[in-house]
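I opened the model to look up a pocket, a helix packing and an aromatic pair. My entries follow.

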Amino acid sequence: TQSTWAEMMVVYDEAIVKLQEQSIQLLTVNSATGLKGVQDIPRLYRRTNKESPIASLQYIQSVIKPWREFYGNYKPRLPENIMQDILSSSVNQVTERLSDVSTEVLTSVTKMEDSLRRLRAGKSVTPKTTGPTDEEKIHRQIELDIDSFKQIINEFGLDLNSMESWIKLEKVVDYSSSNR
């Protein structure tokens with residue numbers, strides 16, 4: 001019976017690991033779906049005369065929703081270390097994707113604005129700007145969204161500063177801020 005118990009514990013441990021991996025995968029896929037909102041940001045501000053952003057966009061709530069539901073539903077049932085491992089892994093993966101998508105959007109916006117500046121310089125046309133440029137508004141919106149993302153993630157008790165993906169994302173925001 002001693003070996004039977006040992007065998008059962010191995011099966012149990014393997015099942016727990018598999019459930020954790022599936023939970024991470026499901027949370028990551030469902031959260032990452034909301035990241036499409038980052039790609040829509042340039043359309044919100046380019047040539048629209050919209051005011052400068054002052055709050056995060058709704059897509060951040062879509063990204064966070066699966067984690068909030070998981071946390072709310074399973075916090076009472078899961079040991080804290082397992083909850084933290086699952087959330088930390090999923091948040092880390094989605095943060096990596098958020099960093100990549102934000103970088104793509106910011107790079108594209110910067111290239112577009114540089115092209116427009118060169119075109120205007122060649123035609124000796126001066127733009128009529130009295131406030132922030134479209135590029136500045138787009139950069140600011142991404143900053144607000146990432147700040148909101150961080151505040152909400154902190155509610156789960158995760159240490160974002162220990163995640164490589166978060167450090168990478170902060171560098172994207174810092175670089176964006178310094179190049180305006």
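**Pocket lining**

I began with the second largest pocket and asked which helices line it. Helix H1 (2-32), H3 and H4 each supply at least two residues of its lining. I note that the model is predicted.

H1 gives the most to this lining, with 9 residues. I then listed the lining as a whole: 18 residues, with Ser23, Phe70, Tyr74, Leu78 and Ile86 nearest the centre of the pocket. By class I found 12 nonpolar, 5 polar and 1 charged residues in the lining. For the space in the second largest pocket I noted about 310 Å³.

**H3 against H4**

Next I took up the packing of two of these helices. H3 covers residues 59-74 and H4 residues 80-123; they pack at an angle of about 180 degrees, and their axes are 11 Å apart. Over 145 degrees counts as roughly antiparallel, so H3 is roughly antiparallel to H4. On the H3 side I listed Val63, Trp67, Phe70, Tyr71 and Tyr74 in the contact. On the H4 side I listed Met83, Ile86, Leu87, Ser90, Val91 and Val94. The residues of this contact divide into 10 nonpolar, 1 polar and no charged. Phe70, Tyr74 and Ile86 belong to this contact, and I had already noted them among the residues nearest the pocket centre.

**Aromatic pairs**

Last, I looked up ring pairs. The count came to 4 aromatic pairs. I checked Phe149 and Trp166: the ring centres are 6.4 Å apart and the planes lie at 20 degrees, so the pair is stacked. Phe149 lies in helix H5 (residues 134-154) and Trp166 in helix H6 (residues 164-178), so this pair ties together parts that are 17 residues apart in sequence.

Key: Residues are numbered from 1 along each chain as its sequence is written. This is a predicted model: local features need pLDDT of at least 70, side-chain atom pairs count only at pLDDT 80 or more; totals for chains, interfaces and linings use all residues. Side-chain values use heavy atoms; hydrogens and water are left out. Axes are lines fitted to C-alpha atoms, for helices over the stretch in contact, and angles run from 0 to 180 degrees between N-to-C directions. Helices (H or I, at least four residues) and strands (E, at least two) are DSSP runs, numbered from the N terminus. Angles under 35 degrees count as roughly parallel, over 145 as roughly antiparallel, 65 to 115 as roughly perpendicular and the rest as oblique. Contact means heavy atoms within 4.5 Å. Ala, Val, Leu, Ile, Met, Phe, Trp, Tyr, Cys and Pro count as nonpolar, Asp, Glu, Lys and Arg as charged, and the others, Gly among them, as polar. On a 1 Å grid over the protein atoms alone, a cavity is a set of points where a 1.4 Å probe fits but cannot get out, and a pocket is an open set with protein on both sides within 12 Å along at least five of seven lines; lining residues have an atom within 4 Å of a point. Grid points are joined across faces, edges and corners, and a volume is the space filled by probe spheres set on the points. Rings of Phe, Tyr and Trp (its six-membered ring) pair if their centres lie within 6.5 Å; planes under 30 degrees apart count as stacked, over 60 as edge-to-face and the rest as tilted.
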